Structure formats: structure tokens, C-alpha cells
Amino acid sequence: MELHVRYEGDDDPDKCSARKLARMDEAELHRATRSTPPGIVLNPFAEQALSPADRPTAGDGARHSRLVALDCSWETAEREAFDLEGIHRSLPFLVAGNPVNYGTAFQLNTVEAFAGALVILGERDHAERILSTFSWGHTFLELNEEPLGRYANCEDSSDVIDVQDDYLAEE
């Protein structure tokens with residue numbers, strides 16, 4: 001699955017997981033909304049959760065075989081995300097494993113968002129590969145092993161929300 005990032009560049013370049021993915025040739029950065037190709041847009045404000053039902057199938061074409069993330073400050077995220085073309089999906093409850101937001105729910109960096117999405121879409125090997133160059137990458141998968149496994153076994157978005165509700169009820 002292709003990984004694309006609408007990149008704002010308003011964070012610390014030394015800590016930016018999107019820039020590191022691009023340096024590893026794992027993702028392509030786009031400085032403008034117009035140049036960002038359509039795909040499955042990981043949008044925390046989307047009304048529908050990402051689920052295995054969003055997996056690309058033979059007749060979908062390239063648009064559904066791309067994941068698109070927005071790498072920007074939270075102040076501009078909502079406005080910018082709605083400008084991106086594609087199918088908008090939110091990620092369900094997951095906990096950050098990165099040092100900046102460790103243990104915080106819903107505060108994933110770009111590589112964690114991609115990795116979570118890839119596992120849900122049945123591409124765990126790809127998720128492990130992109131996380132492997134981050135010293136804390138395995139931590140994200142370890143912290144979220146159970147929920148990611150459960151989300152990946154869901155049929156559709158409503159099932160994912162039911163599983164998420166189990167975790168939120170525990171919080």
C-alpha cells in the first residue's frame with residue numbers, strides 16, 4: 001500500500017516521523033493539497049472509522065491502495081483534512097508509543113497512524129517494516145496488540161466502533 005503525507009512542515013524536523021518515512025523511501029511528502037493524491041485519508045475528524053471493509057480489492061484501482069495522512073499542527077488539522085480528496089476515515093482508540101505522547105490515547109504521530117491503519121487493513125508486515133527504524137516502534141505495536149487484533153477481525157466500521165467502545169468504557 002502506498003503511503004502519502006500532506007506535509008505542513010510546522011513541527012520539529014528532527015522528531016518528524018513523516019520526514020523520516022520519506023528519507024527511508026516509505027512515504028511520499030506533498031507540500032500542497034493539490035499535489036496530494038486521493039486515497040484513504042486518515043482524518044481524526046471523519047465520521048466513519050477505518051475498518052477491514054476499507055481494504056483495497058481488485059476492482060478499486062489505485063485510489064484505494066493509498067493511505068494519506070496529514071502531518072501538521074492540531075490547530076490546522078481539521079481545516080486542512082477536509083481539503084484532501086479521498087475516502088475519509090478516522091482511526092479507532094489506539095495509544096501512542098512514541099516518546100512525546102507515550103501512553104496517550106488518540107495522540108498518534110504519522111508513522112503510528114500509518115502503522116495502525118495498515119494492521120487494521122491486514123498489512124501487519126508493512127506496519128512492522130515502517131516502525132522498525134524507530135527505536136520505540138515496537139512499543140506502539142506492543143501497547144496496542146489487543147485492540148489492533150480485534151479491529152483487524154471486524155467486518156465493518158460499526159463493529160470497529162463497538163470494539164472501541166469497550167476500550168473507552170474501561171478508560
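Among contacts between residues at least 6 apart in sequence, 70% join residues at least 24 apart in this protein. The model is predicted. Its secondary structure consists of 7 helices and 5 strands, and the order of elements from the N terminus is β-α-β-β-β-α-β-α-α-α-α-α.

Of the 171 residues, 49% count as buried. The protein exposes about 8,400 Å², and carbon and sulfur atoms account for 45% of that area.

In soluble globular proteins, nonpolar side chains tend to be buried together. Here the largest nonpolar core holds 41 residues, and the members that touch the most others in it are Leu67 and Phe114. Helix 3, residues 110-120, gives the most to this core, with 8 residues. Apart from this core lies another, of 5 residues, including Val41, Leu70, Cys72 and Leu84.

Which residues does Leu67 touch, leaving out those up to four places away in sequence? They are Met1, Glu2, Leu3, His4, Ile40, Leu42, Phe114, Ala117, Leu118 and Leu121.

Strand 1 covers residues 2-7 and includes Arg6. Is Arg6 buried or exposed? Its relative accessibility is 7%, and the cut-off for buried is under 20%, so Arg6 counts as buried.

Definitions and conventions: Residues numbered from 1 in each chain as written. Predicted model: local features only at pLDDT ≥ 70, side-chain atom pairs only at ≥ 80, totals over all residues. Heavy atoms only, no water. Helix = DSSP H or I, 4+ residues; strand = E, 2+ residues; numbered from the N terminus. Buried < 20%, exposed > 50% of the residue type's maximum accessible area, 1.4 Å probe, protein only. Contact = heavy atoms within 4.5 Å. Areas by Shrake-Rupley, 256 points an atom, 1.4 Å probe, with all protein chains shown as cover. Core = buried A, V, L, I, M, F, W, Y, C linked by side-chain atoms within 4.5 Å.
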